[in-house]
Amino acid sequence: MRKDFLWGGAVAAHQVEGAYQTGNKGLSIADVMTAGSRTKAREITEGIVEGKYYPNHEGIRFYDFYKDDIALFAEMGFKCFRTSIAWSRIFPEGDEEMPNEEGLRFYDELFDELLAYGIEPVVTLSHFEMPYNLVKRYGGWRSRDMISLFVRFARTVMERYRNKVKYWMTFNEINNQMILTNGIYAFTNSGILFEEGEDRLKTVYQAAHYEFVASAMAVKLGHEINPEFKIGCMVAATPVYPLTCNPDDVLLALQEDRKNLFFTDVHVRGHYPAYIKKDWEQRGYSLDIMEEDLKIMKEGCVDYIGFSYYLSSAVSSDPKVKKLGNDLAAGSDTVENPYLEMTPWGWTIDPKGLRYVLNQYYDRYQIPLFVVENGFGYEDQLEEGQIHDQNRIEYLGNHIREMVKAVDEDGVDLLGYTVWGCIDPVSFTTGEMRKRYGFIYVDRDDEGKGSYQRIRKDSFYWYRDVIARNGC
């Protein structure tokens, strides 16, 4: 592993900060999502509804405790920390002319605290927390107007933090909105609420196009603000395996994989691939794509690919093979992989899949990669003030070993690795606290009760040693 490898952890502002009305912050799309569970999806409400519970409103109070939390990250030896800038802290309604100074000042102080410990901030611009007003007024990314609003936000924060943040990403897990059977992804990715009977796929393709243009404009703008910036895209990497060597299964896996690769193809290469153009032609889609858009996309290709990796999936062309229907993970068309175990939340455990996808991306694009999310959601048990999370240590250790092989044996150019939810966040998919990811336990339950005390888990000390050795 390279000597300057960026070991660290990752969170999203809306899952940890809380303080959802502090410092003139406006409502975000995360603020109107209720709590769910492993069997019940989160509800998206129209504004704040009395009597409903919204776990993101308090998060884990990182807004209040960030100095103590960063000290714990430094104790582990973090080289970087990935977070996001809550758009609605900077532009509370999303379409104001002038930004909110209190929000800007909070991130000044946050980044200063990280840098004081030698921890590099890695910042996502849009991580499921766009201002809710943009949903109500514009329909989210249905509207071309969103491009200029996003670019104004990007310009504001890139100029403000030009000497504090080097690594940026534009849209978090932009490809997950292709999971159409559950509307939560189109809402969190793009602020889209599907209408009865509409062609969901066409709507998502149109939104993605506007986001590609906005991302490219932000990349080009960022490089003008500071040529040292490294600006990446961010996708959910979920490799798709054929269930058998039947050519029909292999072709189906190829087609399913393209639902993810389409997004990196455009971000990295700056144009639409032939297979997507053919798909639009066959579906009769005529999207709002201007010649100027295509020029901008060519000029704003990303410097690296950031991605999350949690699981792989398998598909079968045989209609008799039962589908899992797990649309909160890999999609509803996946089937059980008999060679892999699953987490209690139905996600496959596949460390070798991380090595596979690292090679897949690097073979395809030959630009640096960055594993910006990898983690293990589990219901930890607090016993006499301690958490013995050996299963998390085993999960992460197996993934890190495969990652190291991809670098040292396969030649992949990898910038860093940040463990998702390094301090227990509110779960994005379920809104639970019991689905814990962190090295640091936060005393808060699914009803929002608790002291918010921070407790080091066994994995805290293990990861500290991994970083000190530069790998397992």
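Predicted model: local features only at pLDDT ≥ 70, side-chain atom pairs only at ≥ 80, totals over all residues.
Q: What makes C233 buried or exposed?
A: Its relative accessible area is 0%. Buried means under 20%, so C233 is buried.

Q: How do you know that C422 is in no disulfide?
A: The nearest cysteine sulfur to that of C422 belongs to C80 and is 9.5 Å away, whereas the cut-off is 2.5 Å. A search of the whole structure finds zero disulfides.

Q: Why does C422 count as buried?
A: The relative accessibility of C422 is 0%, and the limit for a buried residue is under 20%. C422 therefore counts as buried.

Q: Why is helix α13 called roughly parallel to α14?
A: Helix α13 (residues 390-408) and helix α14 (residues 458-469) pack at an angle of about 20 degrees, and their axes are 10 Å apart. Angles under 35 degrees count as roughly parallel, so this description applies to α13 and α14.

Q: What is the handedness of the crossing of α13 and α14, and which residues make the contact?
A: The crossing is right-handed. On α13 the contact is made by R392, I393, L396, G397 and I400, and on α14 by D458, S459, W462, Y463 and V466.

Q: What classes of residue make up the contact of α13 with α14?
A: The contact has six nonpolar, two polar and two charged residues.

Definitions and conventions: Residues numbered from 1 in each chain as written. Heavy atoms only, no water. Axes fitted to C-alpha atoms, helices over the stretch in contact; angles between N-to-C directions. Helix = DSSP H or I, 4+ residues; strand = E, 2+ residues; numbered from the N terminus. Parallel < 35°, antiparallel > 145°, perpendicular 65-115°, else oblique. Left-handed = near helix turned anticlockwise from the far one by under 90°. Contact = heavy atoms within 4.5 Å. Nonpolar A, V, L, I, M, F, W, Y, C, P; charged D, E, K, R; others polar. Buried < 20%, exposed > 50% of the residue type's maximum accessible area, 1.4 Å probe, protein only.
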